[in-house]
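My plan is to start with the whole chain and then move to single places in it.

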Amino acid sequence: MDFNDSLSIGMDDFTDHEDMVIPNELPMMAVRDVVVFNYMIIPLFVGRPSSVDAVNAAMEGDKLIMLLTQRDATRDDPHPDDLYRVGMVCMVMRTLKLPDGRLKVLVQAVSKAKVKKYSQIEPFCLVKIKPIAENPIETLDVATEALMRAVREQTEKIMSLRGILSADLMMIINNIEDPGRLADLVGSNLRLKIPESQAILEEFDPGKRLQLVKDLLKKELEVSTVQAKIQSDAKEEMSKSQREYYLREQLHALQKELGDGDERGQEIDELLHKIKKTKMPKPVRKEAKKQVNRMEMMHPDSSEATIIRTYIDWILDVPWKKSTKDSLDLIAAKEVLDEDHYGLEKIKERILEYLAVRKLNPDTKGPILCFVGPPGVGKTSLGRSIARAMGRKFHRLSLGGMRDEAEIRGHRRTYIGAMPGRIIQGLKTVDTNNPVFMMDEVDKIGSDYRGDPSSALLEVLDPEQNFEFTDHYMNMPVDLSKVMFITTANRSDTIPGPLLDRMEIITLSGYTLEEKVVIAQKYLLPRQIRENGIKPRHLRFAGDALEYIISHYTHEAGLRNLEREIGKICRKVARKIAEKGKGPYSISRNTLLRYLGPPKTIPESELEQLHQPGLVTGLAWTEVGGEILTIEVNIMPGKGKMILTGQLGDVMKESVQAALTYCRSRCGDLDITEDYFDKHDIHVHVPAGAIPKDGPSAGITMATAIYSAITQKKVIKKLAMTGEVTLRGRVLPIGGLKEKALAAVRAGLTKVIIPDQNEKDLVEIPPEIRKTMTFYPVKDMDEVVAIAFNGKKKDKE
C-alpha cells in the first residue's frame, strides 16, 4: 500500500459514526508514510496482496478496517512488530480496481483503537482491537481557550509563510470548538515525521494532545520562518546576479562591436560558471574567484596568465567534496576479499573491522595500514581487492627511489613548470576524496639535498594532521582524512621511526606449500590460461605436478616465480594449439622436463644430510622469507685462534664470540681441561660463502655447534634452532618465527628449538604446520644442549 495524498476536512463534512458499534475483530491493513487521524477522509492505493485481501474482507463484511502505520516505510512485508499498536478504525467508502491490479480506496476514519492481539496473519491480518473513546470537554476553561487560540494563530502564520493560506480552511479551523478535534485537524496538516504524528495519535487526553501540537507548531513556525528568509535572500541574490549578467552582456556586446576580447570574455565566464557549479569550501571558492579576476586583468599572452589559468584548472579538478559511497555490506565485502585472495585472515579481519566501524560511525577517520612482507605475497593486489570490497576507487603510488620532497608536497608556484605533488595528482586522477590510496615500497624512500620525502609523509599519514594537508602548489588545506592509506614494505627496520609510528603494521609472511598449491589452482592457473588465449580443456595438471613445480622450480616466499613457470607452460601449450594441435596436454612430473627444463632447485629434504659432530642447522630470516643455515665447526690443534668464514656480518661475529665464551665457562660440563682452548684452533664456517650473512638469531646455533665439535657428539636428526645467546647462557627472543618455521618445513625438518619468550608467537603459525612439527621453547643453553643431544629437556634440580 502506498500513500498518495490525504485530505483533512472539517467536522461538518464527514458522516457521523459516533454511534456505530465497532466489532472486536477486524481486518488490518498496514499503511506507510502516513498516520490517519480522526475525521480524515483519505484516498489510498492498495497494491500488496495481503492489503488487497484485507480490503476485500472488509467490503464483504461491515466495511470496517483497522489501519496501522509502519515503523519502517521501506519494509514491503511488515511483521506485527514492525507496526505501531495504536491506529484508526476506518470505513471503506469507495473502491476502484485499477488496470494494473491495484485498488484505489477512499476511507473515512471512524475511531481510534488499540491492537490487543493478532488472531490471523495469512492471507491477511485479523486483529483483536479495543476501541478508544475520548471524553469530550463539556466546558472550556480559560487556559484551554487560550491554547486553542494560540494554535489557530500559529497555524495561520505557518500557512501564510508557506503561501497556502486558505480562507475555507481557516474558517473550518475557527469553527472547531473541541480541543481534540482541533489537535487532530492541525496535526494532520503539518509536515511531521511519522514518530511525531504517531505521538499525537497516541495521546488520548484532548488537552495534552493540543499542547503537544502547539509545541510542534512552534518548532515548525521557526523552520518556516528561516525557510522564508532563505527564499527571500535567494531571490535578492538572484536579482543581483541577473543585474550583473545584464551589464556583463552589454559589455560583451560593446567589446564585440569593437572586435576586442570576445573569446577572452567567454573563457572568463566559463571559469566563473565552473567555480559556481563545483562544490568546494568557501575559502577555496574565494581564492578561485580572486585568481580569475587577476587573470581577467592580464594580457592573454603573458606567461603569468598561463600560470594562473593552470592553477585555476587544478583548483577545479581537485575533488574537494566529491565522495564515493562506501559499500558497508560486511558479508559481501568478505566474499570479495575471499574471492580475490586465499588466506590472509588477519588483513581481511582488519578491513571488515574498519567497515563495521564505518557502518556504526560514518565520520570515523581512514586507517593508515602498512603491509610488510616478502615480494610476491600479494600486498599490492590486496589493496585493489580492498578497494573493490569497499566500493571505492583505487590509486597506486610507488615511493621506491623517491628523493625529492616536492614529489609529495608539490612545487611552489614561483618555479617554472611547477605542479602539485603526487598526492593531489592522485586525487585528481580518481576524482574522489575518499579513494584507497596505496603507497608501494615505503621502505625504499631516499633523501638528498632536495629534501626528505619520508618527513613530508609524516603529515600525510597522520590522521590528526592530514585533514588539512597543505600542498605547496595549491597553498590551501586539502582534507585527506577520508582517504584510506595503505603502504607496503618488504621490511620495517628501514622505515624511519616517526613514520613507522604513524602506521598500523600488518605482517604478511610467506605461504606454505599447501597454500601455494591452492592459490595456484584457484588464481594463478586460471589467470595464465586466460591471458595466453587457451581454454581449460587444453591443459590438464596431474595431482602432484603443481607441488613439484613449487618445490623444484621455485624458491621463494611469494608466488611470482611460480606464476612465471605456469605461464611458461601455458605459452608452450598455446603454441601447440596454434600449430593445430588438439590437446588436451597433460602436465605431470615426468613431462615437466620438456616444458620447464631441468629442476632449478633441489629441496633441502632431498639433499644428503650429513650427520656429524659440529654440524647444526640454524634458521634465518631474509627479505624473501625464511632460510636454513648449516653451521659447521671444526676443531684442530693450534694456538687458540678463532677462524670465521662465510662472509659473516658484525652481529653474527659477536654471536660467535658470545657462544665461545659460554662454552669456555662450561669446561666442567664439556669434560675438558682449562687450557683446552689455548691449545686448539676453532674454525666456524657458514656455507654459501659468496652470500653475506648477518643477524641476531644464530647465537644458540653457534654455541651448540661449538659444543658438539668439542664433545664429538652429534645433534639429533631433523632438528633446527633459532635464538640469541648471552654470556651467561640465557636465550633471547627473535623475530620472524613464522617465516623460519616455513623454511624448516621446506627443508623436511620436524623439530625446532625456539626461545621461551617466542612461545606466544606460535599461534601465528598455520595449524597444519604445528601438527607436523614439534617446537621446544627454552630459557637457557642448558635446555638447548639437553634437547639437541638427548631429545628432551634436562630435569631441573
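The entries below record what I looked up, from the overall shape down to single residues.

**Ground rules.** I note that this is a predicted model, in which local features need pLDDT of at least 70 and side-chain atom pairs count only at pLDDT 80 or more, while totals for chains, interfaces and linings use all residues. Residues are numbered from 1 along each chain as its sequence is written, and side-chain values use heavy atoms, with hydrogens and water left out.

**Whole chain.** I looked up the secondary structure and found 26 helices and 26 strands in the chain; these are DSSP runs numbered from the N terminus, helices being H or I of at least four residues and strands E of at least two. I then checked the extent of the C-alpha trace, which spans about 125 × 85 × 70 Å along its principal axes. The radius of gyration of the chain is 40 Å, whereas a compact globule of 797 residues would have a value near 28 Å; the radius is taken over C-alpha atoms, and the globule rule is 2.2 Å times the number of residues to the power 0.38. Of the 797 residues, 47% are buried (buried means under 20% relative accessible area, exposed over 50%, and partly exposed in between, with a 1.4 Å probe and protein chains only). Among contacts with a separation of 6 or more, 73% are accounted for by residues 24 or more positions apart, a contact being heavy atoms within 4.5 Å.

**Helices α2 and α4.** I looked next at how helix α2 (residues 142-162) packs on helix α4 (residues 179-189), and found an angle of about 20° with the axes 11 Å apart. The axes are lines fitted to C-alpha atoms, for helices over the stretch in contact, and the angles run from 0 to 180 degrees between N-to-C directions. The two helices are therefore roughly parallel to each other (angles under 35 degrees count as roughly parallel, over 145 as roughly antiparallel, 65 to 115 as roughly perpendicular and the rest as oblique). The crossing of α2 and α4 is left-handed, the term for a near helix turned anticlockwise from the far one by less than a right angle, with clockwise being right-handed. On the α2 side I find T144, M148, V151, R152, T155 and R162, which meet P179, L182, V186 and N189 of α4. By class, this contact of α2 with α4 has five nonpolar, three polar and two charged residues (Ala, Val, Leu, Ile, Met, Phe, Trp, Tyr, Cys and Pro count as nonpolar, Asp, Glu, Lys and Arg as charged, and the others, Gly among them, as polar).

**Residue E220.** I also noted that R162 is among the residues touched by E220, together with I158, L190 and R191, when residues up to four places away in sequence are not counted. E220 belongs to helix α6 (residues 206-258) and, with a relative accessible area of 13%, is buried.

**Helices α17 and α18.** For helix α17 (residues 513-531) and helix α18 (residues 545-553) I found axes that come within 10 Å and cross at roughly 120°. That angle makes α17 oblique to α18. L513, K516, V517, A520 and Q521 of α17 make the contact with L546, E547 and I550 of α18.

**Residue K428.** I located K428 in helix α14 (residues 422-430), where K428 is partly exposed, with a relative accessible area of 35%. Leaving aside neighbours within four places in sequence, K428 is in contact with W314, D317 and P319.

**Backbone.** Before checking single bonds I wrote down that most residues other than glycine have a negative phi, and most peptide bonds are trans. Which kind of peptide bond joins E122 and P123? The bond is cis, with omega about -5°, and P123 is found in the loop between β7 (103-120) and β8 (125-132). E441, in the loop between β11 (436-440) and α15 (453-460), has a positive phi near 60°. K580 has a positive phi of about 70° although it is not a glycine, and at 77% relative accessibility K580 counts as exposed.
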